[in-house]
Every structure is written in C-alpha cells, then in structure tokens.
Amino acid sequence: MIVSIARKEFSEIVRDGRFKWTAGMMALLLLTAMAAGCQKHSAYMDMQRLSQDRTNAQWLNQGNKNPHAGAHYGNYAFKPAGPLAFFDNGINHYAGNALFMEAHKQNFALGRPATDQSSIGRFGDLSGAMILQLLMPLLIIFLGFTAFAGERESGTLRQALSMGVSNRQLLWGKALGIGAVVALITGLCVAAGGLALSLTGLSMENESLGARVALMALSYSLYAGIFLFLTLAVSAWAKNVRTALMVLVGFWAFAAFLAPKAAVEISKAAHPTPAFGQWMADMRTHQMRGIDGVPPFARFQQESEALFAEYGAESVAELPVYVGALRLQKFEEYDFPVFEQHFGRLRDAYTRQRRLQDRLGIVAPTLPLRSLSMTLAGTDLIRHIQFADAAEAYRREMVATVNNYLGEAAASLNSGYGGGNVLIADEAVFAMVPPFEFAPQGLGKALSEHAGNFVALALWLAAALGLAIGAARRLKVDGD
C-alpha cells in the first residue's frame, strides 16, 4: 500500500505543470552552478601550481646576496583548493589564498576575492552547495505543502481513509513519493558533480575523496529529510494549504537567511576580535618588550655574556661562532612565542566563533549543514589554519636554514662578529630550502571537530519525523 501511495504521489507531481517549471529551473541552476564551479576550480588549481612554481624559481634565482638578505627577499605559499571546492567554496574568498613568508615577520594570507566584490557579490557565489542549502528546501516545501492540507480541502483525504488506508501508510507513502521526486532532480547535481570531478584531473590520494563524497551525500540527505518531514507535519496539522505554505516558507526564510546571519553576529559579540591596527600595535609593543619582559637586545646581551664565559673568550674574534648569524637567528626566535600568543589568540577567537555558530545549529538545520559542507569540501576554517601553520613552519625553517649557513660559513672563515669577510649566497645555497608543499591533515581530524554537527542534523531529523508521525496520528478529514 505504501508503494502504491508513493507511486500515485510521484505521478501526480510529475504531471503537474508547475513541477515541470520548478524542476527545470532547479536542474538548470544546479547544472550551471556545477559547470561554473568546475571551470573556476580547474582554473584556480592551474594558477596555484603555476604561481607556486614561479615563486620557487624566483627564490632560487634571486641573485647572489647575503644569505639573510635572501630570507628578507622571501617566498610565497599558495593555498591549494580543497578537494570539493568546486561544489562549496566555503571561506576561500574571505580568508585569502597566498601568504608571503619573510624573515622576522609572520603575515596574514593575501588574495581575498570578496574584497573586490560588490555588496551583492558578497552574498555568495552560485554553487552547488548554495543551491542545495537554499533552494532544495524550498522545492520540497512547494512539492509537499498540499500533501495533506490539499487533499483535505478537495475531499480526497476522506476517501483515502475510508478505503482502509491508515494514517501511517499515508505518511510514509507521501514521504517516499515526494522524496523520489526530489532525488530525481538533485540526482542531476550528483551526476554533474561526478563529471566535473573527472574533468578536473586532480590527484587526491591523501584526501579521502570517496569518504568525503559519501559523507557529503549523507549530510544533504539528512537535511532534505528534515524539510520533507517538517513539510508533511505542517501540511497534516494546518487547517488549509494557505496556512501550511505561510508557516513553511516562514521557517525556510528563518533557517536559510535569518538564523545564519544572527548566528554570525551573536558569535562576534560573544567572542570579539580586536581591530587590525590595534592588534598589530599590541603585537609590535610586545615584541619590543619581550615575551618575558626582557627586551630582545637586553636578552641577547645576557646570552652573549654567557657565550663568552662558555668559551673563555674576551673578544668576538676569539669565538668559534659567527655572532652576527647567531644574533639574527636569536632575534628571530625571540619573536616566536610573541607570534604564537597574538596569532593564537586571534585564531582561538575565530575558532570559538565557529563552534558557537555550530552550537546554535539547534535553532536551524542550515547551520550544522553549512559547517559540514565546508569541512568535507576542504574549504573551512580548520583547513585554512592548517595552511597558515604549515606556511609559518616553513618560514621558520627557511630563515633558520640560511642563518645557519651564514653562521657555519663565516665561522669557517674565522670572520667573527663584524669581520671583514662578506658572505655571498648563490642558487646552490638557496636550494638548501626545499619548495613549499602543503599536506593537509586527514579527514578524520577535521570530522572530530564536527561530530556535534552530525548529531544536530540527526536530532533535527528525529524531531521532524516525530512531528510528522504525531501530526499524522491526529490527522482530521476536515479543517475543524
């Protein structure tokens, strides 16, 4: 009986002219979004690889100079796109995709396309994720808001129940029929996404691509199920189709637009971040003061005196090390804890904001889905922080490599501090620093941060299912 009801529901929806227009527009938007996403993703990956190769070549061919001057010349790290960035671009347009690495400075990522867009452009790019998060629930509402309320008004509900069809069978039959229609339409997205993925020609052996796609499908299926059963619950509860439509569209507008914006503002108020100028001034002051209250120059003077005592030397020339290179490296290392403290506080604030937004997912299912989608696509805050940390670790190793070479080469020449020999590094020296490569952490670590979002979606689905079952049990054949 359930299959028969589902078949009837499916046939009636497909024959409806309004469905054909709605399905056509939905399919066109999905195909357009996936095609555009594929094209942008491929172009970005080509540009990222080319840019990284060129900056690596510039590092090697920067010309003969003092090794530490080469560290000031610096190098760039370009962030690869996430494995499913063509489906959900996440925060990539806002967090930056290129980071300049130089001596004595830890920088923020540059290249934020959102800063060059108009206010309308910042609303979001047309993507498969945006279509499914915003328009798929609306499609489900339009297909299902008349499921019970419409049949009650037309009188067919009384006929169905009088033929011995139970409320439970009617609920599951309609859910299966409407779900099949939605799956038919969104299946185009899956097919287009698979085609786009094959056309990119990406090598993602370490990205758990199959698991990402499967979990992405599961997340959006849970999301669709939530709106499906909520729609059936409201349709069974409402006295007429007008009331059902108003309630459902109101909830959709709240979940899709109001709740995400409110969650962002609430998280910013709960965990504020300082203004950039004030943050930079505080960090610079802390650098000059020293992490432990001892200024860097005074601290190095103390360590120099200990060095003289260790080697029993009375002058710089008697030391077996090049004090100039040692000083450069020490001043670099003095800044490490300062950078870690100030950048760490900023990242902790952003992380707390994200976690609070996830916890607010209890009021709207769009919030946990959005976080899961970005994580599975590899375009979330966690992956960006991993990239920034990898670039900073590379920067420190780059500077240490050239400073150590300077110290060893100068010591071998017995140049001492301020000696007359000027050391010049060439391409062979700069080649001691390997090219930058970003190896993101596994999917499991990222998902461990988002286990609560899966729970939130599951709770939403259970609540929606419970409401639908309860409404179906109390189903009335009239509007009284």
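This report describes the helices, salt bridges, nonpolar cores and confidence of one protein model.

The structure is a predicted model, in which local features need a pLDDT of at least 70 and side-chain atom pairs count only at pLDDT 80 or more, while totals for chains, interfaces and linings use all residues. Residues are numbered from 1 along each chain as its sequence is written, and side-chain values use heavy atoms, with hydrogens and water left out.

**Confidence**

The protein chain has an average pLDDT of 86, and 90% of its residues score at least 70, where pLDDT is the predictor's confidence in each residue on a scale from 0 to 100. Over residues 415-421 the pLDDT stays under 50, and the model has twelve contacts for this stretch beyond four places in sequence, a contact being heavy atoms within 4.5 Å. Where pLDDT is low, the predicted coordinates should not be read in detail.

Helices (H or I, at least four residues) and strands (E, at least two) are DSSP runs, numbered from the N terminus. Helix 1, residues 2-15, has 14 residues and reaches 20 Å from its first C-alpha to its last, close to the 20 Å expected at 1.5 Å a residue; the expected span is 1.5 Å times one less than the number of residues. The buried residues of helix 1 are I5, A6, E9 and I13, where buried means under 20% relative accessible area, exposed means over 50%, and partly exposed lies in between (1.4 Å probe, protein chains only). Seen down the axis of helix 1, these buried residues fall within an arc of 100 degrees, so they line one face of the helix; the arc is that of the directions from the helix axis to the C-beta atoms. On the other side of helix 1, V3, R7 and R15 are exposed.

Helix 11, residues 276-289, can be read in the same manner. Its 14 residues should span 20 Å at 1.5 Å a residue, and its end C-alpha atoms are 20 Å apart, which agrees. In helix 11 the residues W279, M283, H286 and Q287 are buried, and, seen down the helix axis, the buried residues fall within an arc of 105 degrees, so they line one face. The buried residues of helix 11 pack against helix 12 (296-311) and helix 13 (323-359). Just after helix 11, G290 takes a positive phi of about 95 degrees.

A positive phi is also found at H104, although H104 is not a glycine, and its value is about 70 degrees. H104 sits in the loop between strand 2 (98-101) and helix 5 (128-144), and with a relative accessible area of 22% it counts as partly exposed.

**Salt bridges**

The structure holds 13 salt bridges, a salt bridge being a side-chain nitrogen of Lys or Arg within 4 Å of a carboxyl oxygen of Asp or Glu. The table lists some of them.

| Pair | N to O distance |
|---|---|
| D46 and R49 | 2.8 Å |
| D358 and R354 | 3.1 Å |
| R395 and E392 | 2.9 Å |

An α-helix has 3.6 residues a turn, so residues three or four places apart point the same way. D46 and R49 both lie in helix 2 (residues 17-60), three residues apart, about one turn of the helix. D46 is partly exposed at 45% relative accessibility, and R49 is partly exposed at 38%.

D358 and R354 both lie in helix 13, four residues apart, about one turn of the helix, and both residues are buried. R354 has a relative accessible area of 10%, and, not counting residues up to four places away in sequence, it touches L381, I382, E449 and H450.

R395 and E392 are three residues apart in helix 15 (residues 381-412), and are thus separated by about one helical turn; R395 is buried, and so is E392. Salt bridges that share partners join E332, E340, E392, R395 and R396 into one network.

**Nonpolar cores**

A nonpolar core is a set of buried Ala, Val, Leu, Ile, Met, Phe, Trp, Tyr and Cys residues joined through side-chain atoms within 4.5 Å. The largest nonpolar core has 70 residues, and those with the most contacts inside it are F87, M136, L143, F148, I178 and L232. The largest share of this core, 14 residues, comes from helix 9 (residues 209-237). A second, separate core of 19 residues includes A77, V399, V402 and F430.
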